[in-house]
Structures are given as C-alpha cells and as structure tokens.
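Thanks, everyone. I'll take one chain today and walk through it quickly. Please have the viewer open.

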Amino acid sequence: MASGMSLHGDDELIAKLKRLAAKATPAQARAALMAGALPIQTAAVQKAPVLTGTLRRSIHTETAETSDGAVARIGTDVEYGPAQEFGTSRMSGTPYLRPAFDENKGAALGEIERALKIMVTP
C-alpha cells in the first residue's frame, strides 16, 4: 500500500472536516474516508499501465482506526506496483497513484465532507 501521503487542502475545509470528524464514531470516520478514497482509487485504476490487467485489478483501498482517528490507504499488493509507479534503474516509471491523488484530492475532501455531514448531522 502507498504510505507517507497525507491529504492537504483548503485550510477552511480542513477545519470544517476536523469539526465534523470530532462528532463521528471511528466506524463513521472510516466510512467517510472510504467514500473520499474512491475517486482517487477509480482514477488510479484508469491511469495504471496495463499489460495483463493484474495491476489495475489489484488497486484497492484499506481503512484502519488509529490512535487519533482513522486512515485510508490506496495502493496495490502486486510486487511490481512500486516499479511501475517510480521506475527502476532499468526502466522509467509510469506514475498512476500520485497523479490520481493530485487530480482528485479536492473531490476526495468533498466526498469525506458529504459523508460526514450525512452521518453526524441529526
């Protein structure tokens, strides 16, 4: 799975999301993160290089509770996934995860906000 990436955006939206998340249960936070991750996951699948389709089929999202909330990770378990993304000494990479993140982080934040509003607003 991809690691070391954090979602940044408009400070006002981030503050709003933090207020909504503070009212959410851990399960609600994980569900909201999953909703937010789907636009990025979908784009990564579309952008992934394809020869057999294994890489595309392997791209998935996992969520987990952490000590201070929840986290979502989008990535692949196939051994050659990082080589495709970053390249090697013998081949250049064909980035698919980072561009999907960069192009869809706004949509992801919007989906997280929408999901949290539905779950925590009485």
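Start with Met34, which sits in helix α2. Keep in mind that this is a predicted model. Is Met34 buried, exposed or partly exposed? Its relative accessibility is 27%. Buried means under 20% and exposed means over 50%, so Met34 counts as partly exposed. Which residues does Met34 touch, once neighbours within four places in sequence are set aside? Thr61 and Thr63. Now look back along the chain to Leu17. That is 17 residues away from Met34 in sequence, and the two C-alpha atoms are 15 Å apart.

Next, the helix itself. α2 covers residues 26-47, which is 22 residues. At 1.5 Å a residue it should span 32 Å, and the end C-alpha atoms lie 31 Å apart, so the two values agree. There is still a bend in α2, of about 35 degrees at Ala37. A proline, Pro39, follows within four residues.

Which side of α2 faces in? The buried set includes Ala29, Ala32, Ala35, Gly36 and Ala37. Ile40, Gln41, Ala43 and Ala44 are buried too. Here is the helical background: with 3.6 residues a turn, residues three or four places apart point the same way. What do the buried residues of α2 pack against? The partners are β1 (60-66), β2 (69-75) and α5 (97-120).

On to α5. This helix bends by about 60 degrees at Asn104. Asn104 is itself buried. Other buried residues of α5 include Leu97, Phe101, Leu109, Ile112, Glu113 and Leu116. Ala107 also belongs to α5. With 39% relative accessibility, Ala107 counts as partly exposed. Ala107 and Leu17 are 90 residues apart along the chain, yet their C-alpha atoms are separated by 14 Å.

Now the cores. The largest nonpolar core has 14 residues. Which members touch the most others? Ile40, Ile59, Ile74 and Tyr96 do. Both α2 and α5 supply at least two residues each to this core. Take Ile59 and leave out its neighbours within four places. Its contacts include Gln41, Ala44, Val45 and Ala48. Ile74, Gly75, Thr76 and Tyr96 are also in contact with Ile59.

Step back to the whole chain. There are 5 helices and 2 strands. The order along the sequence is α-α-α-β-β-α-α. The C-alpha trace spans about 55 × 25 × 25 Å along its principal axes. Of the 122 residues, 33% count as buried. Take the contacts with a separation of 6 or more: 63% of them join residues 24 or more positions apart. The accessible surface is about 7400 Å², and 54% of that belongs to carbon and sulfur atoms.

Last, confidence. The chain averages a pLDDT of 87, and 91% of the residues score at least 70. Among the elements, helix α3 (residues 54-58) has the highest mean, 97. Helix α1 (residues 11-22) has the lowest, 76. Where does pLDDT stay under 50? Over residues 1-8. The model has 22 contacts beyond four places in sequence for that stretch. Where pLDDT is low, the predicted coordinates should not be read in detail.

Methods
Residues are numbered from 1 along each chain as its sequence is written. This is a predicted model: local features need pLDDT of at least 70, side-chain atom pairs count only at pLDDT 80 or more; totals for chains, interfaces and linings use all residues. Side-chain values use heavy atoms; hydrogens and water are left out. The expected span of a helix is 1.5 Å times one less than its number of residues. The bend at a residue is the angle between axes fitted to the seven residues ending there and the seven starting there. Buried means under 20% relative accessible area, exposed over 50%, partly exposed in between (1.4 Å probe, protein chains only). Contact means heavy atoms within 4.5 Å. pLDDT is the predictor's confidence in each residue, from 0 to 100. Accessible areas come from the Shrake-Rupley method with a 1.4 Å probe; for residues, only the protein chains shown count as cover. A nonpolar core is a set of buried Ala, Val, Leu, Ile, Met, Phe, Trp, Tyr and Cys residues joined through side-chain atoms within 4.5 Å.
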